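Morning, everyone. I have one structure to walk through today, and I'll keep it quick. Have a look at it first.

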Amino acid sequence: MAIRLGDVAPDFTADTTEGTISFHEWLGNGWGILFSHPKDFTPVCTTELGGFAKRKAEFDARNTKIIGLSVDDVTSHNKWKADIGETQGAELNFPLIGDENHVVADLYDMIHPNANDTLTVRSVFIVGPDKKVKLTLTYPASTGRNIDEILRVLDSLQLTAGYSVATPVNWTNGGDVIIANSVSDEDAQIKFPKGVTKIKPYLRTTPQPNL
Ligand code: BEZ
C-alpha cells in the first residue's frame, strides 16, 4: 500500500554500509530522508550518491539524517562505494541500505511494476521528528534528483512546523512567506512583527519569521 503524507514511516531493521540500522532508533529525535536507488553500478545513481555526499553538511545543519537504499547487498554497495569516491569527488558518508530481498522497498512501495518489476523507482521520503511522513517524491529511474529542491522542501517543512505560515511558488529560504488563513488580521500583526502585506483577504505575506 502506498505511503501517504501523515502516515507513520514504517520502521525496519536493515543491513547498511554502516552496519545494522533500526530506522526509527537511528532517526532519533531529528528529521530524516530515505531515498531509493534502482540498482548498484548504474550511472545516474552514482552521480546522485556523490551529490548527496558532497552536500551532507547542509542536511546535518538542518538536523536531518540521510539514508539511501539500493536493491543489491551491502557487499556490492561496498564495492560500488569505491567508484563513487573515484568518480564523484566525494566519499559515501551516509548509510546505504542493502535491500537485495526488497524488504524495505516493498514496505515503502518503491517498486512500481508497470515501470520495472525488479528495480526501484527513485523515491524520496522526508520524515519528521514525530516519525511521520512529511513529503514523498517519485522520479523515474532515468531522472536524477535535484538536491536543491529536496533542501528547499526541507526548509519549508521545518519553517512551517514552527510558524503559522506556508511558502509560495518557487520560494527559497529567505523569501517572503504566506500567513495561514487560520490567523486573524489582528493576530497576524502580533505574530509577525516584521510586517504584514495584505494583497487579498486570503493572501497575506510577511518576511520569513525565523531569520
Ligand atoms: C541509473 O542510475 O543510471 C539507472 C538505473 C536504472 C535504470 C536506468 C538508469
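Of the contacts in the chain with a separation of 6 or more, what percentage comes from residues 24 or more positions apart? The figure is 65%. Before I go on, a caution: this is a predicted model.

Now the overall layout. The chain has 211 residues, and 45% of them are buried. There are seven helices and 11 strands. Along the principal axes, the C-alpha atoms fill a box of roughly 60 × 35 × 30 Å.

Next, the inside. In soluble globular proteins, nonpolar side chains tend to be buried together. Here, the largest nonpolar core has 24 residues. The ones with the most contacts inside this core are Ile33, Phe35, Leu49, Phe52, Phe59, Phe94 and Ile126. Who supplies it? At least two residues each come from strand 3, helix 2, helix 4, strand 6 and helix 6. Helix 6 gives the most, with six residues. A separate core of 20 residues lies apart from that one, and Leu69, Ile97, Val104 and Phe125 are among its members.

His37 sits in strand 3, which covers residues 31–37. Is His37 buried or exposed? It is buried, because its relative accessible area is 0%, and the cut-off for buried is under 20%. The His37 side chain makes a polar contact with the side chain of Arg145, at 3.4 Å. Beyond its sequence neighbours within four places, His37 is in contact with Arg145 and also with Cys45, Glu48, Leu49, Leu69, Ser70, Val71, Leu96, Thr120 and Arg122.

On to a hairpin. Strand 6, residues 122–127, pairs with strand 7, residues 133–139. The sense is antiparallel, over six bridges. Ile126 has Leu135 as its bridge partner in strand 7. Five residues separate the strands of this hairpin, and there Lys131 takes a positive phi near 70 degrees.

Where is the largest pocket lined? Its lining includes Thr13, Ala14 and Asp15, then Asp73 and Val74, and also Gly98, Asp99, Glu100 and Asn101. Val103 and Val104 line it too. Strand 1 and helix 5 are the elements that give two or more residues to that lining. Strand 1 has the largest share, three residues. The space in this pocket is about 160 Å³.

Strand 10 and strand 11 pair over three antiparallel bridges. Lys200 stands opposite Leu203 in strand 11.

The loop between strand 10 and strand 11 holds Tyr202. Why is Tyr202 called exposed? Because its relative accessible area is 55%, and exposed means over 50%. Tyr202 and Ile178 are 24 residues apart in sequence, with 9.4 Å between their C-alpha atoms.

That's the tour. Questions, please.

Note on methods. Residues numbered from 1 in each chain as written. Predicted model: local features only at pLDDT ≥ 70, side-chain atom pairs only at ≥ 80, totals over all residues. Heavy atoms only, no water. Pairing = 2+ DSSP bridges. Helix = DSSP H or I, 4+ residues; strand = E, 2+ residues; numbered from the N terminus. Buried < 20%, exposed > 50% of the residue type's maximum accessible area, 1.4 Å probe, protein only. Polar contact = N/O pair within 3.5 Å; in protein donor to acceptor, adjacent residues only side chain to side chain. Contact = heavy atoms within 4.5 Å. Core = buried A, V, L, I, M, F, W, Y, C linked by side-chain atoms within 4.5 Å. 1 Å grid on protein atoms, 1.4 Å probe; cavity = no way out; pocket = protein on both sides within 12 Å on 5 of 7 lines; lining within 4 Å. Points joined across faces, edges and corners; volume = space filled by probe spheres on them.
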